[in-house]
2 protein chains.
Amino acid sequence: MSIELYDLAGQDPDLMFSPFCWRIRMALLHKGLDFTVIPWRFSDRSATAGSGYDAVPVIRDGERWVGDSWAIALYLDRTYPQAPLMHNAESQAAARLVLGVCGTCVFPAAVRVAVLAAYKLLDDASKPYFRASREAMFACTLEELDVGEHRAKAGLAEGLQAFTEVLTASEYLGGEAPTYADYVLFGVLKWMDIVSPYAPLDDAGPVAGWFDRLQNLYGGYAAKVPTVRSATVAGPDTPSP
Amino acid sequence: MSIELYDLAGQDPDLMFSPFCWRIRMALLHKGLDFTVIPWRFSDRSATAGSGYDAVPVIRDGERWVGDSWAIALYLDRTYPQAPLMHNAESQAAARLVLGVCGTCVFPAAVRVAVLAAYKLLDDASKPYFRASREAMFACTLEELDVGEHRAKAGLAEGLQAFTEVLTASEYLGGEAPTYADYVLFGVLKWMDIVSPYAPLDDAGPVAGWFDRLQNLYGGYAAKVPTVRSATVAGPDTPSP
């Protein structure tokens with residue numbers, strides 16, 4: 001039976017951009033598990049009401065609900081030992097370090113690219129919650145987070161510096177093959193890639209090359225997903241050629 | 001035959017504080033290799049003149065010279081496969097990520113604790129080179145790097161934040177046992193520990209606990225080494241009790 005992945009959707013249900021949900025999409029693809037994505041919105045959390053979790057990602061695997069991206073990754077490795085996301089305690093420690101670097105260096109820069117842009121893509125009913133919770137979290141307005149393309153990209157390139165050396169020497173954070181460590185960072189970058197009106201990784205050097213490798217894994221799954229830029233090009237307001 | 005490790009010494013040859021040399025001391029201890037430490041100073045590099053390297057650490061293993069801490073770590077694993085410092089490509093990638101985080105987050109904070117303090121411990125003949133090269137590197141005077149104990153410790157705790165999550169969950173950056181990833185960070189912290197007039201890790205939470213675990217490895221090798229604080233207590237200017 002297919003695993004259900006409850007994933008944050010924007011007003012357009014094809015735009016699914018949660019960084020934490022992307023970690024789990026990639027984890028499910030990595031393990032070759034069959035899954036169905038179910039759109040979820042801040043304005044209607046009833047689909048996961050029985051889960052015990054009030055945020056996504058949440059998965060439902062048969063009768064079992066699991067929430068929180070790290071807990072889901074551990075659950076998947078425990079329940080489906082094929083194609084481990086993390087091979088051992090060393091591998092888990094490496095992924096936790098990537099979580100730490102994302103928290104201290106990458107997210108603080110990424111929010112300037114993505115938070116206001118993500119807000120604009122939400123359904124109207126979700127916007128008040130999102131604005132209030134994020135403005136409390138960042139202690140400023142969503143508009144104040146937006147420093148413009150030039151400064152946001154420069155800040156992002158700086159926030160990604162810690163990854164430059166390893167991604168110059170290795171194909172993946174996991175070495176010769178991706179591990180959950182790769183998906184932890186990828187989720188943050190894919191979030192920006194989907195919601196940002198400009199391509200955010202232009203200045204990111206070897207990290208941009210690694211991002212493209214991740215985009216092309218699993219039949220190019222992530223590369224094929226619409227972004228706000230592709231959606232705009234193909235959108236109803238664009239005259240046909 | 002014992003491996004020779006050429007290691008930066010202060011005026012007092014017992015004070016050996018180079019962060020890069022500490023990585024290699026710990027690596028040699030990890031592998032259980034017999035080694036002899038040979039003091040080296042900026043003011044007299046003749047001992048390694050035949051090596052092809054103009055900075056330490058440099059090791060001499062029989063007729064073979066190897067310099068640069070990362071290259072030495074790889075050499076040791078290749079030449080002495082017992083007790084690997086890094087088990088595979090994933091392990092190497094994790095250590096390179098720690099190098100990256102040290103470069104972007106830890107060193108910029110650590111220099112405020114350690115650079116002026118290290119300068120004061122050098123032999124007089126080494127000081128002009130050290131001052132000129134470091135002032136060019138940091139684009140300020142050594143004195144300007146020194147922001148005082150309170151601010152330096154707060155900055156250091158912030159620079160170490162990326163490691164908090166992993167070192168709360170794991171004993172070591174390598175998971176259940178130390179790997180070269182651990183020694184990469186340890187070198188930077190041991191440098192500060194030796195040269196700083198105050199204990200620098202008071203505010204560093206789980207990282208401080210991990211530092212103590214590393215200090216106590218290999219018969220407490222690192223814990224037993226004199227620091228400027230212990231040297232002061234035992235020094236000739238202190239009246240005997």
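Two strands are taken as paired if DSSP finds at least two bridges between them. On this basis, the predicted model contains an open sheet of 4 strands in chain B, in the order 2-1-3-4. The pairing in this sheet is mixed. Strand 2 (35-40) and strand 4 (64-67) of chain B form the edges, and each pairs on one side only. Direction ignored, neighbouring strands of the sheet are turned by 20° against each other on average.

Within the chain B sheet, strand 1 (residues 3-8) and strand 3 (residues 58-61) run antiparallel. They are joined by 3 bridges. Tyr6(B) has Val58(B) of strand 3 as its bridge partner. Two helices of chain B pack on the sheet. Helix 1 (residues 19-30) of chain B touches strand 1, strand 2 and strand 3. The direction of helix 1 makes about 155° with that of strand 1 of chain B. Helix 2 (residues 69-79) of chain B touches strand 1, strand 3 and strand 4. Its direction makes about 135° with that of strand 4 of chain B.

Chain A also holds an open sheet of 4 strands, with the order 2-1-3-4 and mixed pairing. Strand 2 (35-40) and strand 4 (64-67) of chain A each have a single partner strand, so one side of each is left without a neighbour in the sheet. In chain A, 3 bridges connect strand 1 (residues 3-8) with strand 3 (residues 58-61), and the two run antiparallel. Tyr6(A) is placed opposite Val58(A) of strand 3. Helix 1 (residues 19-30) of chain A packs on this sheet and touches strand 1, strand 2 and strand 3. The direction of this helix makes about 155° with that of strand 1 of chain A.

Backbone geometry was examined next. Most residues other than glycine have a negative phi, and most peptide bonds are trans. In chain A, the peptide bond from Val56(A) to Pro57(A) is cis, with omega near 10°. Pro57(A) sits in the loop between strand 2 and strand 3 of chain A. In chain B, the bond from Val56(B) to Pro57(B) is cis, with omega near 10°. Pro57(B) belongs to the loop between strand 2 and strand 3 of chain B. Asp68(A), a residue other than glycine, has a positive phi, near 80°. Asp68(A) is located in the loop between strand 4 and helix 2 (69-79) of chain A.

The two chains meet at an interface. Here 27 residues of chain B are in contact with 27 residues of chain A. The size of an interface is often given as the accessible area lost when the parts come together. Between chain B and chain A, the buried area is about 2,000 Å². Carbon and sulfur atoms give 68% of this area. On the chain B side, Glu90(B), Arg96(B) and Leu97(B) lose the most area to chain A. Together they account for 30% of what that side buries.

The interface has 0 salt bridges by the rule applied. It has 4 residue pairs in polar contact, both residues at pLDDT 80 or more. Helix 3 (89-121) and helix 7 (164-169) of chain B each supply at least two residues of the side that touches chain A. Helix 3 of chain B gives the largest share of that side, 13 residues. By class, the side of chain B that touches chain A comprises 14 nonpolar, 9 polar and 4 charged residues.

Definitions and conventions: Residues are numbered from 1 along each chain as its sequence is written. Chains are lettered from A and ligands numbered from 1 in the order in which they are written. This is a predicted model: local features need pLDDT of at least 70, side-chain atom pairs count only at pLDDT 80 or more; totals for chains, interfaces and linings use all residues. Side-chain values use heavy atoms; hydrogens and water are left out. Axes are lines fitted to C-alpha atoms, for helices over the stretch in contact, and angles run from 0 to 180 degrees between N-to-C directions. Contact means heavy atoms within 4.5 Å. Buried area is the accessible area (1.4 Å probe) that two parts lose on being put together, summed over both. A salt bridge is a side-chain nitrogen of Lys or Arg within 4 Å of a carboxyl oxygen of Asp or Glu. A polar contact is a pair of N or O atoms within 3.5 Å; within protein, one must be able to donate a hydrogen and the other to accept it, and residues adjacent in sequence count only if both atoms are side-chain atoms. Ala, Val, Leu, Ile, Met, Phe, Trp, Tyr, Cys and Pro count as nonpolar, Asp, Glu, Lys and Arg as charged, and the others, Gly among them, as polar.
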